[in-house]
Amino acid sequence: MASRKLLLLPGDGIGTEIAAEVEKLLAVLNEERSAGFETETALVGGAAYDAEGVPVSDATMALAQAADAVLFGAVGGPKWDGVAYDKRPEAGLLRLRKEMELFANLRPAICYPALAEASSLKRDLVEGLDILIVRELTGGVYFGEPKEIQDLGNGQKRAIDTQVYDTYEIERIARVAFDLARTRRNKVTSMEKRNVMVSGLYWNEVVTRIHKDEYADVALEHELADAGGMKLVKSPKIYDVIVTDNLFGDMLSDIAAMLTGSLGMLPSASLGAPDAATGKRKALYEPVHGSAPDIAGTGEANPLAMIASLAMGLRYSFEMLAEADALEAAIAETLEAGIRTGDIMAEGCTKVGTSAMGDAVAERFRAKLTA
Ligand code: IPM
Ligand code: MN
């Protein structure tokens, strides 16, 4: 039996509740497919800060680097509002992304037919929606230096974040977007703010060059990120793949998530470059939503974004394409059966909690694997 090593980092808030549902699906895969998934669990975020004094320890980093893939829940919460900036829960996630060099963040926004009514937009605008946001994840204003608050000595301070992109960072994320577009509807929209930022100007220039030299068969459009945000809610189906920087990608993917009905529905994959020798990519899979402190501990959280993140892991880290399809189909069928968590609840449906939702998907997943 092949052994597949997963590091599970549930984190804070609803992170621990949704991570438990993923373990049910891994058990199904091990039972029905002899998949050999071995999970190790470690602390991250506020939970790690409380127990270990840092939002991610060196030991946990070593486990993450050695794993075939990391499954990440969510971090943060009001409990840690007063924690030093470099030890805040989010810093644990950022360290994982940076040190594992997970520069490519794939955030697919798919509107399941059963959820078209749950979106805040009209059904015809979102029905059949299938877009992919490719967010640059290890550069830009998240990591640029200097990043500090200076004391100007005259009663004033100056807060500085730095937006910075090197050529290679734009080239490699552009290639990821174009490669993925070729497997979809063959269109990329690049979003930046070249009208106010030189980094936007340069982003546009590099994406244009990579397109001309290597991907002329793919349709490319450029859009200012603010206009892109507007069109995402006006006519989201005009998009196929959107490629954008770290900060715009953060914002635009939250918008895209709501098109699908709930922030609780959007999965993501964060991938590194393929290893030169083995071809394997470092990878971390996580839902786009956060730790939802308002509902943490109530057992009401929607585990579907986390479960769909596992499906992405099966596809991108383990070449288990049939199993990934089966898991996504199990999610769709569960929704069609009218089984809903509170965030996507609709008239005539059955409201369930986190665990029952996980069971409902696991049962359908198992049926598909044994069919
Ligand atoms: C996300 C989150 C993170 C981000 C936070 C938790 C650091 O919002 O993955 O979208 O800003 O990237
Ligand atoms: Mn975000």
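This is a predicted model: local features need pLDDT of at least 70, side-chain atom pairs count only at pLDDT 80 or more; totals for chains, interfaces and linings use all residues.

I checked Cys-111 first: its sulfur sits 14 Å from the closest cysteine sulfur, that of Cys-349, which is too far for a bond. I took a disulfide as a pair of cysteine sulfur atoms within 2.5 Å. Looking back from Cys-349, I get Cys-111 as the closest partner, at 14 Å and again too far. The disulfide count for the structure is zero. Cys-111 is also buried, at 3% relative accessible area (buried is under 20%, exposed over 50%, partly exposed in between, with a 1.4 Å probe and protein chains only).

Residues are numbered from 1 along each chain as written, chains are lettered from A and ligands numbered from 1 in written order, and side-chain values use heavy atoms, without hydrogens and water.

Next, the fold. I find 12 helices and 14 strands (DSSP runs numbered from the N terminus: H or I of at least four residues, E of at least two). The radius of gyration is 20 Å against 21 Å from the globule rule for 371 residues, so the protein is as compact as a globular one of that length (C-alpha atoms; the rule is 2.2 Å times the number of residues to the power 0.38).

Then burial and contacts. Buried residues are 53% of the 371. Of contacts between residues at least 6 apart in sequence, 74% join residues at least 24 apart (contact: heavy atoms within 4.5 Å).
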